[in-house]
Amino acid sequence: MSVAPHTEPAEGGVATFRARVAELRAVREELVRGPDDRATAAQHARGKLTARERIELLLDAGSFSEVEPLRRHRATGFGLEARKPYTDGVITGWGTVDGRTVFVYAHDFRIFGGALGEAHAAKIHKIMDLALAAGAPLISLNDGAGARIQEGVSALAGYGGIFRRNTRASGVIPQISVMLGPCAGGAAYSPALTDFVFMVRNTAQMFITGPDVVKAVTGEEITRDGLGGADVHAQTSGVAHFVYDDEETCLAEVRYLLSLLPQHNREHPPRVICTDPVDRRSDVLLDLVPAESNRSYDMRTVIEEIVDDGEYLEVHERWATNVVCALTRLDGEAVGIVASQPAVLAGVLDIAAAEKAARFVQMCDAFNIPLVTLLDVPGFLPGVAQEHGGIIRHGAKLLYAYCNATVPRVSLVLRKAYGGAYIVMDSQSIGADLTYAWPTNEIAVMGAEGAANVVFRRQIAAADDPAALRSRLVKEYRAELMHPYYAAERGLIDAVIDPAETREVLVAALAMLRTKHADLPSRKHGNPPQ
C-alpha cells in the first residue's frame, strides 16, 4: 500500500480545511481498497473474502467504527522500513449485531500474510481492552500466518498480551474465534482460550507444528487439512465447536449464536417473543422414546419436540456424540441443554463426553444461561483405555462443573440413570434445583441384571436351575428397587410427570427459578480437576 501524499500548503503556508479533508478522504479510500488489486484477487482466488468483506457480513450494515486504521509498524531491517502499510495487517473496531454492540478484529491476509507484529498486536490489545471495559462480546476473524518473523521476539510478546487478555476476559464477556485461514504455532492458543471456535472447511487450519515440521521430526507425512483442518478439529480433537462450508454461512451462524448470549456476565441473554404455546402437549414423545431401556433412539428428536419451534444450536455436534450439548429457548428464554444420546454408545459417558459437557456447563454458568439436563445414561464407559486415559479425572470435571454452577438447574430422567453417571449428570444430590422423571425411569446403582448377578451370585451359583433363578431375582430386584416411583418416594425426584407435559413443566420450573440467587464460598478460585 502506498502512502498518501500530504497536501501542499495553500498560499500563505496554511493548508485549507477542505484540502485536509480531501487528503483524509483519499487516505480512507486507500485503506478500504487495501494494498493492491492483485492481493485482493489472490485472496478471492483462494476462496476467501477480504477482512473488510467479512466484517460487513458479520455486523449490521453501516455500524462498523474502525479503531487505529492509520497505525503502521516502526520496525526496520529485512526491508520492513520500505513497507509500512496502513492498518499493519489487522482491522479493529466495534459495531452492532442485531443492534447490540460487539467488538471485532480481523486479520488482513493481504498485508504481511496477516502475520502479527508489534503494532499489529498493540491494535488487538487495545480492542480487547475496550471490549472488556465496555462489557461486550469480542469476535476475532483469524486469517494469519503467525508471528512476523522479521520483528523477532517483539511479535512473540504480542501473543503473550493477547493470551493474558483472553484469560482475563474469560467468563466476563463472550469470546468467539472464527477461523477463516491458517492459524499456526502459538497463535493457535488464543482461539483455544475463547468460548467458541468456528472453522470453515478447506480454507482454515490450526496446528502447533505444521506438516513440514511433523515430517522432519517424526517422519509422518500429512496434509495441512489432515493435520489441522476443520473436520479434524470438529470430529477428532474437539477444538472446533462449529464447522461450515463457506464463510457466509459461518458468519451468519456467529450472528445467531450471539442472539443466545448476553453481552457480559452481569446480565441475562436477551429474551425473544415466543409464539410456540407454553402448554403445547407433546404426545408424540410417547412414540419417539421406546419404553424398553435397551432400545436406542435419537435424543435430538426429543429436544426438537420440547424447545421453542424445534430450533436449537448444537455445540460440538460431531465430537463426543454420545452426549448432546445445545443452546436453545424455552418460552423465549435462552437455555442450555445437556443430554445423553442413546443413539451413540447407548448414551454412556466417556472421557470426551465428560470434557465436552463440563466445558458447556461452565460456559452456561458463566453467562447466566439456565441448564436443563436430560438423562438416559447407563453409566460410564468401561475399559482399560478409559481407565488409563483418566476417566476418573475427566469425569470429575463434569461433576465439578455442575457442583459449581449457580444458574437455575433442572434435570429430567427419561429412562435409565445408573450409578455414578446418574449422580454426575446433575442429580438432586449435587445441587439440581428441581428433578423430574418420566414414568419409564429406572434410577439405580446399576441395571437389574448386573445387580442380581452381584447381590445373589451365591444363590444363583448353587441353584439347580441358575438361569431360572436369575430371571426371577432380576424381576424381584426391578420390582423392589427400580420401579418408577422408588426415587420419588425417597425425595430424590420432585415429581414423576407425563412425558407429553414435559415442555410445560420445564417452562414453569425455569420461570420460577428465574430470580434464583446463590452465593459461592469466598475464595480466589477453585482448583478443578485437569
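Modeller: Let's start with a rule: two strands pair if DSSP finds at least two bridges between them. With that in hand, we can look at this predicted model.

Biologist: How do you know that strand 3 and strand 4 pair?

Modeller: Four bridges join strand 3 to strand 4 (residues 138-142), and the rule asks for at least two, so they count as paired. The two strands run parallel, and Phe 103 stands opposite Leu 138 of strand 4.

Biologist: In which sense does strand 3 pair with strand 2?

Modeller: Strand 2 (residues 90-97) and strand 3 pair in the antiparallel sense, over eight bridges. Gly 93, for example, has Val 104 in strand 3 as its bridge partner. The two strands form a hairpin with two residues between them, and in that turn Asp 98 has a positive phi of about 55°.

Biologist: What makes strand 3 largely enclosed by the rest of the structure?

Modeller: Buried means under 20% relative accessible area. Seven of the eight residues of strand 3 are buried, so the strand is largely enclosed.

Biologist: Which residues does Ile 139 touch?

Modeller: Leaving aside residues up to four places away in sequence, Ile 139 touches Val 102, Phe 103, Val 104 and Tyr 105, among others. Ile 139 is also one of the residues that touch the most other members of the largest nonpolar core, which has 64 residues. Helix 13 (residues 351-366) gives the most to this core, with eight residues. Another core, of 30 residues, lies apart from it and includes Val 289 and Leu 412.

Biologist: What phi does Leu 345 have?

Modeller: A positive one, of about 55°, although Leu 345 is not a glycine. Most residues other than glycine have a negative phi. Asn 368, in the loop between helix 13 and strand 13 (371-377), also has a positive phi, of about 60°.

Biologist: How many cavities does the search find?

Modeller: It finds four cavities of 30 Å³ or more. About 140 Å³ of space lies in the largest cavity. Its lining has 17 residues, and His 107 and Asn 142 are among those nearest the centre. Strand 3 and helix 5 (153-169) are among the elements that give two or more residues to that lining.

Biologist: What classes of residue make up the lining of the largest cavity?

Modeller: Ten nonpolar, six polar and one charged.

Notes:
Residues are numbered from 1 along each chain as its sequence is written. This is a predicted model: local features need pLDDT of at least 70, side-chain atom pairs count only at pLDDT 80 or more; totals for chains, interfaces and linings use all residues. Side-chain values use heavy atoms; hydrogens and water are left out. On a 1 Å grid over the protein atoms alone, a cavity is a set of points where a 1.4 Å probe fits but cannot get out, and a pocket is an open set with protein on both sides within 12 Å along at least five of seven lines; lining residues have an atom within 4 Å of a point. Grid points are joined across faces, edges and corners, and a volume is the space filled by probe spheres set on the points. Ala, Val, Leu, Ile, Met, Phe, Trp, Tyr, Cys and Pro count as nonpolar, Asp, Glu, Lys and Arg as charged, and the others, Gly among them, as polar. A nonpolar core is a set of buried Ala, Val, Leu, Ile, Met, Phe, Trp, Tyr and Cys residues joined through side-chain atoms within 4.5 Å. Buried means under 20% relative accessible area, exposed over 50%, partly exposed in between (1.4 Å probe, protein chains only). Contact means heavy atoms within 4.5 Å.
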